[in-house]
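Hi,

Here is the structure I promised to pass on. Please load it first, then read the notes below.

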Amino acid sequence: MTWSEMQPLLSQACWDTFYMVGWSTLIAIVGGLPLGILLVLTDRDGLLQNVVANKVIGQVVNIARSLPFIILMVALMSFTRTITGTTIGREAAIVPLAIGAIPFFARLVETAVREVDGGLVEAVQSMGGNTWTVVRKVLVPESLPSLISSATTTVVALIGYSAMAGTVGAGGLGDIAIRYGYQRFETGLMWITVAILAVVISVIQFAGDYAARGLHRRGGQSGAAPKLRLLKAKEPATADVGKVA
């Protein structure tokens with residue numbers, strides 16, 4: 001197969017892969033971020049401590065993570081057909097990709113949020129901040145570098161999942177590698193798809209690491225700023241008490 005024949009196939013395959021991974025990542029973040037935070041909040045000594053709910057949610061996440069992706073795709077075929085009207089193509093592949101990525105990302109979010117300094121949480125609570133305030137002002141901002149690293153890891157995993165989805169007609173680079181590289185013995189095309197996947201993953205990993213390091217350095221330089229702002233916020237109240245006295 002000549003390059004002029006390969007180019008349109010590879011262009012469409014790259015677009016299909018980016019489409020599947022992009023939408024799946026968005027859904028995984030929207031679903032996995034609150035789920036991971038909820039696992040922290042409902043744990044022992046959490047702000048919403050509920051051991052039963054935490055165990056149930058954790059068990060569901062563990063079961064979903066334990067399923068190999070190829071089995072998950074087959075198990076969700078009926079659900080995928082209900083949602084998209086088909087089990088073939090990139091739109092159909094988004095359903096199992098997203099469902100498989102949500103628990104994966106949720107566990108990474110849980111790990112990232114647990115690293116937040118408990119002193120900041122206590123400071124916000126002492127000022128009358130509710131659970132939503134703690135999540136919005138402390139847990140998410142302080143764990144942002146780790147969350148970006150977690151999202152990068154999820155994207156890389158989804159690229160691998162999307163390649164496996166090509167085995168059941170989802171399209172993308174995995175489909176090209178299977179149909180042409182394996183079934184038609186187009187070894188050159190198969191190795192080109194492998195090279196493209198390697199380059200894409202390297203670029204995504206580099207970008208994610210760069211963003212996480214940038215945020216971490218900025219947080220390290222101004223790590224005391226949140227505490228100082230909290231202390232300053234208490235000063236007006238103290239001054240008012242002095243005036244009343």
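What pattern does the protein chain follow, read along the sequence? The answer is α-α-α-α-α-α-α-α-α-α-α. In counts, the protein chain has 11 helices and zero strands. Keep in mind that this is a predicted model.

Overall figures next. The protein chain has 245 residues, and 35% of them count as buried. Its accessible surface comes to about 13,600 Å². Carbon and sulfur atoms hold 65% of that area. On contacts, take the pairs of residues at least 6 apart in sequence: 73% of these contacts join residues at least 24 apart.

Two sites are worth a look.

Start with Trp-23. This residue sits in helix 1, which spans residues 3–41. Trp-23 counts as partly exposed because its relative accessibility is 44%, and that class lies between the 20% and 50% cut-offs. Together with Leu-26 and Val-30, Trp-23 makes a nonpolar surface patch of about 310 Å².

Then go to Glu-110. Helix 5, residues 90–114, contains Glu-110. Is Glu-110 buried or exposed? Its relative accessibility is 10%, so Glu-110 counts as buried; the cut-off for that is under 20%. Which residues does Glu-110 touch, leaving out those up to four places away in sequence? They are Gly-36, Leu-39 and Val-40.

That is what I have on the chain and these two sites.

Best wishes

How values were computed
Residues are numbered from 1 along each chain as its sequence is written. This is a predicted model: local features need pLDDT of at least 70, side-chain atom pairs count only at pLDDT 80 or more; totals for chains, interfaces and linings use all residues. Side-chain values use heavy atoms; hydrogens and water are left out. Patches are made of residues with over 30% relative accessible area and no salt bridge: like charges are joined within 9 Å, nonpolar side chains (Val, Leu, Ile, Met, Phe, Trp, Tyr) within 5 Å. Accessible areas come from the Shrake-Rupley method with a 1.4 Å probe; for residues, only the protein chains shown count as cover. A salt bridge is a side-chain nitrogen of Lys or Arg within 4 Å of a carboxyl oxygen of Asp or Glu. Helices (H or I, at least four residues) and strands (E, at least two) are DSSP runs, numbered from the N terminus. Buried means under 20% relative accessible area, exposed over 50%, partly exposed in between (1.4 Å probe, protein chains only). Contact means heavy atoms within 4.5 Å.
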